[in-house]
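This report describes one protein model for a reader who has not seen it before. The structure is shown first, and the description follows.

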Amino acid sequence: MIELTDLTKRYNGVPAVDNLSLRVSEGEIVGLLGPNGAGKSTTILMTTGLIEPDAGQIKIERHIMQKNPLLAKAKIGYMPEDVGFYPGLTAADNLDFFGRLYEMEAGRRKKRIDELLVSVGLDGVSTLVGGYSKGMRQRLGLAKALLNEPPVIILDEPTANLDPVGVSDYRKIVRQAAADGAAILVSSHILSEVSVICSRIALLSRGKLVADGTWQEISDQGSDLIVRVEGRLPLPEFSIGGIRSVSYTPDRTSAVIVASQDIRCEIADAVTSAGVPLRNLQIDSESAEEALLQRFRKEADA
Ligand SMILES: Nc1ncnc2c1ncn2[C@@H]1O[C@H](COP(=O)(O)OP(=O)(O)OP(=O)(O)O)[C@@H](O)[C@H]1O
């Protein structure tokens with residue numbers, strides 16, 4: 001369990017993290033999301049005990065970080081954006097080194113390392129870590145964070161360098177760790193990634209927690225949706241409640257509709273009733289993400 005209470009950190013008098021309270025329970029994957037400079041790294045560094053807050057408390061399992069840093073840190077598996085490894089050793093030897101530091105018993109260490117190398121797709125790789133790509137280092141970083149089966153896992157931008165197979169492996173591993181009871185905090189600035197894997201999202205803007213809930217709950221909080229619709233013939237006029245604006249392409253076969261709620265069914269009805277075969281109808285998720293962040297940013301500034 002991670003429990004952050006009223007955390008504040010200032011740099012030169014300016015708050016990088018401002019009175020932040022957040023809880024991640026056993027079995028939960030919480031996404032710490034926000035644009036550049038929102039305070040994600042500062043929050044993670046405080047939570048892992050690498051920097052001290054100016055105010056507030058960090059509790060990891062039963063231990064208060066400021067009072068018992070060694071006990072608290074021993075419960076955390078942490079994957080920073082760039083993990084340091086010994087370049088002259090293989091993945092297995094690097095993990096073995098960390099396993100010894102964690103005082104894992106030899107048999108358990110070997111079994112766990114073998115399992116993890118398979119999960120992250122690095123089994124049978126004999127290249128020394130110095131010759132690894134960024135993505136391979138990130139895979140190994142995930143294995144290191146999970147090595148001693150910690151009850152708390154903290155991952156900083158874990159998919160930044162991964163290819164689609166790597167992302168899929170990562171999701172499986174993290175979901176399994178949560179199913180096994182770990183409390184997991186993942187920082188990211190990519191909403192689509194966080195919304196796939198996380199049971200809850202904590203949205204940060206300028207150091208403040210501006211929203212905390214499931215992706216559905218956050219996106220349902222009155223944010224505008226952008227819907228793209230394409231027909232095989234010119235589209236009709238839309239007179240549907242909830243539409244804020246419609247922009248047609250010059251040939252009118254496609255349109256971008258801004259709406260206050262999800263009106264995809266009503267749009268489909270209107271298009272097919274006008275005798276136009278539907279080619280495509282979808283929510284434009286990237287624009288929706290940007291609209292959401294802008295709205296929460298405005299609220300945080302108000
Ligand atoms: N060591 C530092 N000294 C001075 N200011 C800092 C320091 N670290 C962070 N800041 C400032 O604190 C604010 C929050 O930064 P932080 O790195 O936590 O954000 P972030 O959400 O992790 O951003 P990014 O996605 O770019 O990594 C920013 O305004 C940043 O400039």
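A residue is called buried if 20 or more other C-beta atoms lie within 10 Å of its own, exposed if 12 or fewer, and partly exposed in between, with C-beta atoms placed from the backbone. Helices (H or I, at least four residues) and strands (E, at least two) are DSSP runs, numbered from the N terminus. The model is predicted: local features need pLDDT of at least 70, side-chain atom pairs count only at pLDDT 80 or more, and totals for chains, interfaces and linings use all residues. Residues are numbered from 1 along each chain as its sequence is written.

**Whole chain**

The protein chain has 302 residues, of which 35% are buried. Its secondary structure comes to 10 helices and 14 strands. Along the principal axes, the C-alpha atoms fill a box of roughly 70 × 50 × 30 Å. An automatic or database domain assignment supplies the domain bounds: domain 1 covers 2-219 and domain 2 covers 225-301. Their C-alpha centres lie 37 Å apart.

After H1 comes glycine 49, whose phi is positive, near 80°.

The residues surrounding the ligand include Tyr11, Ala16, Asn36, Lys40 and His189. H1 (residues 40-47) gives the largest share of this shell, 3 residues. The table divides the shell by residue class, where Ala, Val, Leu, Ile, Met, Phe, Trp, Tyr, Cys and Pro count as nonpolar, Asp, Glu, Lys and Arg as charged, and the others, Gly among them, as polar.

| Class in the ligand shell | Number |
|---|---|
| nonpolar | 3 residues |
| polar | 7 residues |

**Helix H4**

Helix H4 (residues 106-119) has 14 residues and reaches 20 Å from its first C-alpha to its last, close to the 20 Å expected at 1.5 Å a residue (1.5 Å times one less than the number of residues). Its buried residues are Ile113, Leu116 and Leu117. Seen down the axis of H4, these buried residues fall within an arc of 100°, so they line one face of the helix; the arc is that of the directions from the helix axis to the C-beta atoms. On the other side of H4, Gly107, Arg108 and Lys111 are exposed. H4 is followed by glycine 121, with a positive phi near 75°.

Technical notes. A residue is near a molecule or strand if its C-beta atom, placed from the backbone, lies within 6 Å of it.
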